[in-house]
Amino acid sequence: MLNRKGRRWGADACVVGFSGGGVGAEFGDPLRERMVVTSLKLQDLIEEIRGAKTQAQEREVIQKECAHIRASFRDGDPVHRHRQLAKLLYVHMLGYPAHFGQMECLKLIASSRFTDKRVGYLGAMLLLDERHDAHLLITNSIKNDLSQGIQPVQGLALCTLSTIGSAEMCRDLAPEVEKLLLQPSPYVRKKAILTAVHMIRKVPELSSVFLPPCAKLVHERHHGILLGTITLITELCERSPAALRHFRKVVPQLVQILRTLVTTGYSTEHSISGVSDPFLQVQILRLLRILGRNHEESSETMNDLLAQVATNTDSSRNAGNAVLFETVLTIMDIRSAAGLRVLAVNILGRFLLNSDRNIRYVALTSLLRLVQSDHSAVQRHRPTVVECLQETDASLSRRALELSLALVNSSNVRAMIQELQAFLESCPPDLRADCASGILLAAERFAPTKRWHIDTILHVLTTAGTHVRDDAVANLTQLIGGAQELHAYSVRRLYNVLAEDISQQPLVQVAAWCIGEYGDLLLAGNCEEIEPLQVDEEEVLALLEKVLQSHMSLPATRGYALTALMKLSTRLCGDNKAAILEKMPLVERDGPQADEEAKESKEAAQLSEAAPVPTEPQASQLLDLLDLLDGASGDVQHPPPLDPAPGGALVHLLDLPCAPPPPAPIPDLKVFEREGVQLNLSFSRPPENSALLLITVTATNFSEGDVTHFICQAAVPKSLQLQLQAPSGNTVPARGGLPITQLFRILNPNKAPLRLKLRLTYNHFHQSVQEIFEVNNLPVESWQ
């Protein structure tokens, strides 16, 4: 509506202003004179817009003034063009269309008047960008203004180039900017350095052009030039290996500059809260971090300085905390001494005690990055980290939860799980799923005893049963089934819990399964682990009936209860003829413990491969003979090969049900790799549902920079059903830190060929990355 009204006002103004014919144009049209008179000045326009009481009044004022501005542009008035464009820029900043002023910016830039150039360059920075081809038309004007030698004009041209300069413009104007880097005027040099930073970010191959001037600019004493030079060198080193090798020679000089800042100060006007020039200190520390990474000599040169900065910087002010934080990051990225790394972790530990929430968040995030490489040093601050779980800020408590889970090991698992269970009872709903999953994973990895493991899972299911992962029920049933000595204990514990609450569906499913399997032990009452409890058959059946009739029970829960009732019919009556209702055999587990057992049995498997192959049975030789006698017949149906296992023939004769052989493992697949970031897929299929495929997506980062805001999305053909579980996090720490995992559940009842389309978005090295690709080489076992 606004654009249409704007166009209509412009058309009306055109008709009113130019409908007078030749006489009107020669002697002056009174309507046109009245229109020019009513055009507002910029100050009056601002006051009238601010004085509008409604949005409709504001639109009316702007539409009228835009009509006058269009008419003035059509007249080609060179005297007042910059005033009209200034008003249009104000309208643009309010969010109204102003694209019709783009060409007027080019005209003003080409003007010889400074007032025109000033508004023209400002308009170009606001109205033009790389998406408009018109921005290429000002390349020659910028080139002429850079070579004129008028400092204000050069400053305007450099600012515009650093704002809207495309790759083509940067390549064309790089020689002019290089010349200005060594000009006498500090004003021009500072702006030329910042323009060079933009050019390097836009066109990294221009690094060789700006490499020689930077070596001279490091010796400057002007604060703005030195700060800009450090920024430019940082960009060069991040994008050019040749520049990185070149500037490692200036590490001693950078160390001396930073030492001077710490001891004597640079200048009093750049000190903030008693910290000498924190902006320059931070920028030098970032550059030293890049130069000392994976370089022993450079790291040794800056070790003493970093210790001096870490001990002498005042931490009572925010400026000092910023310097200390950059110092910690530099210590952790270079090859620093062990004592220096402990000092850095202690600084982060002090940050945890700071009253500022932002500083505590930074400390938790940094400690989470360091927990893999300096676990023992971070472990000293475990009590403070646990206290941060009670933070009211959701982002702080989430970071504290991630760090607490990373600190769990075999020596502190009991104490840490107890703290995490207490947090689970009172944590916000959006953290409950992550906390429950973390506790279950930590308990599975570091459980001291099976009973403790079972108790821990039961506590999680009781507290946050609706928030646990889908595999929690299967894991607990496998754990109970494998602990024969705890069958009586487990069934009595689960019966007591189920009698108190039937709202937590995963807990109800496990309890119903356990009662169905070991109901006879429940009725026997011979459990020394807990207090004796007399339970009769009617009570057990009434409880399962309550589960069946409850409106809270899911279909899967009712299935568990019905199965339990059928199995109890054989357990309680003593009828064991129905083989299908016998106790479940122990199912092989998938997980960390299963991986360790597989590694332990690897040598035995290799020995079995080396054993001699048994000779072919005589029955097979007889079949070969029959083939020779009747080779022309293609209708001969060979009987299945004999089972070489002992007792196999007996099983076939009796036709008793036997457990099917376990499915062959599905090989893992690496589907993505870029700059150290990898994405791997691992596959598994639940034995109870062959149509369901579970894909675990694991994102790892072996680069030197963290991957943040990581999001993985997927799509499958319409014949399949896909469910994406929540990922374990959105940050992948550098240098092989804790990976991100995410579970895909794909239902493929028709066994259709599986194809995946993945979309990855994340931030890496201060750049936004988006990758969309299709995975067509999935293993055949994943969908057949």
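This is a predicted model: local features need pLDDT of at least 70, side-chain atom pairs count only at pLDDT 80 or more; totals for chains, interfaces and linings use all residues.
Which helix gives the most to the lining of the largest cavity? Helix 28 does, with 3 residues.

1. The largest cavity. Its volume is about 90 Å³. There are 10 lining residues, and the closest to the centre are Leu440, Glu444, His453, Ile457 and Asn475. Helix 26 (429-446), helix 27 (450-464) and helix 28 (472-482) each supply at least two residues of this lining. By class, the lining of the largest cavity divides into 4 nonpolar, 2 polar and 4 charged residues.

2. The second largest cavity. Helix 19 and helix 21 each contribute at least two residues to the lining. Helix 19 covers residues 318-333 and helix 21 covers 357-370. The class count for the lining of the second largest cavity is 5 nonpolar, 1 polar and 2 charged.

3. The second largest pocket. This pocket has a volume of about 1500 Å³. Its lining comprises 41 residues, of which Glu238, Gly705, Asp706, Phe765 and His766 are the closest to the centre. The lining of the second largest pocket has 10 nonpolar, 16 polar and 15 charged residues.

4. Elements around that pocket. At least two lining residues of the second largest pocket come from each of helix 14 (223-239), helix 15 (241-247), helix 17 (278-292), helix 19 (318-333), helix 21 (357-370), strand 4 (707-715) and strand 7 (756-764). Helix 14 supplies the largest share of the lining, 6 residues.

5. Glu235 and Arg201. A search of the whole structure finds 29 salt bridges. One of them joins Glu235 to Arg201, with the closest N and O atoms 3.0 Å apart. Because Glu235 lies in helix 14 and Arg201 in helix 12 (residues 186-202), the pair ties together parts that are 34 residues apart in sequence. Glu235 counts as buried at 8% relative accessibility, whereas Arg201 is partly exposed, with a relative accessible area of 47%.

6. Arg289 and Glu326. These residues form a salt bridge whose closest N and O atoms are 3.1 Å apart. The pair links distant parts of the chain, with Arg289 in helix 17 and Glu326 in helix 19, 37 residues apart. Arg289 is buried, with a relative accessible area of 12%. Glu326 counts as buried too, at 7% relative accessibility.

7. Glu771 and Arg674. Glu771 is in strand 8 (residues 767-775) and Arg674 in strand 1 (residues 669-674), so far as the chain goes 97 residues apart. Glu771 is partly exposed, with a relative accessible area of 22%, and Arg674 counts as partly exposed at 29% relative accessibility.

8. A salt-bridge network. Salt bridges that share partners join Arg286, Arg289, Arg293, Glu326, Asp333, Glu704 and Arg735 into one network.

9. Val323. The place of this residue is in helix 19. Is Val323 buried or exposed? At 0% relative accessibility, Val323 counts as buried, the cut-off being under 20%. Val323 and Gln283 are 40 residues apart in sequence, and their C-alpha atoms are 9.5 Å apart in space.

10. A nonpolar surface patch. Met93, Leu122 and Leu126 make a nonpolar surface patch of about 280 Å². Met93 is found in helix 6 (residues 81-93). With a relative accessible area of 58%, Met93 is exposed, since the cut-off for that class is over 50%.

Definitions and conventions: Residues are numbered from 1 along each chain as its sequence is written. Side-chain values use heavy atoms; hydrogens and water are left out. Patches are made of residues with over 30% relative accessible area and no salt bridge: like charges are joined within 9 Å, nonpolar side chains (Val, Leu, Ile, Met, Phe, Trp, Tyr) within 5 Å. Accessible areas come from the Shrake-Rupley method with a 1.4 Å probe; for residues, only the protein chains shown count as cover. A salt bridge is a side-chain nitrogen of Lys or Arg within 4 Å of a carboxyl oxygen of Asp or Glu. Helices (H or I, at least four residues) and strands (E, at least two) are DSSP runs, numbered from the N terminus. Buried means under 20% relative accessible area, exposed over 50%, partly exposed in between (1.4 Å probe, protein chains only). On a 1 Å grid over the protein atoms alone, a cavity is a set of points where a 1.4 Å probe fits but cannot get out, and a pocket is an open set with protein on both sides within 12 Å along at least five of seven lines; lining residues have an atom within 4 Å of a point. Grid points are joined across faces, edges and corners, and a volume is the space filled by probe spheres set on the points. Ala, Val, Leu, Ile, Met, Phe, Trp, Tyr, Cys and Pro count as nonpolar, Asp, Glu, Lys and Arg as charged, and the others, Gly among them, as polar.
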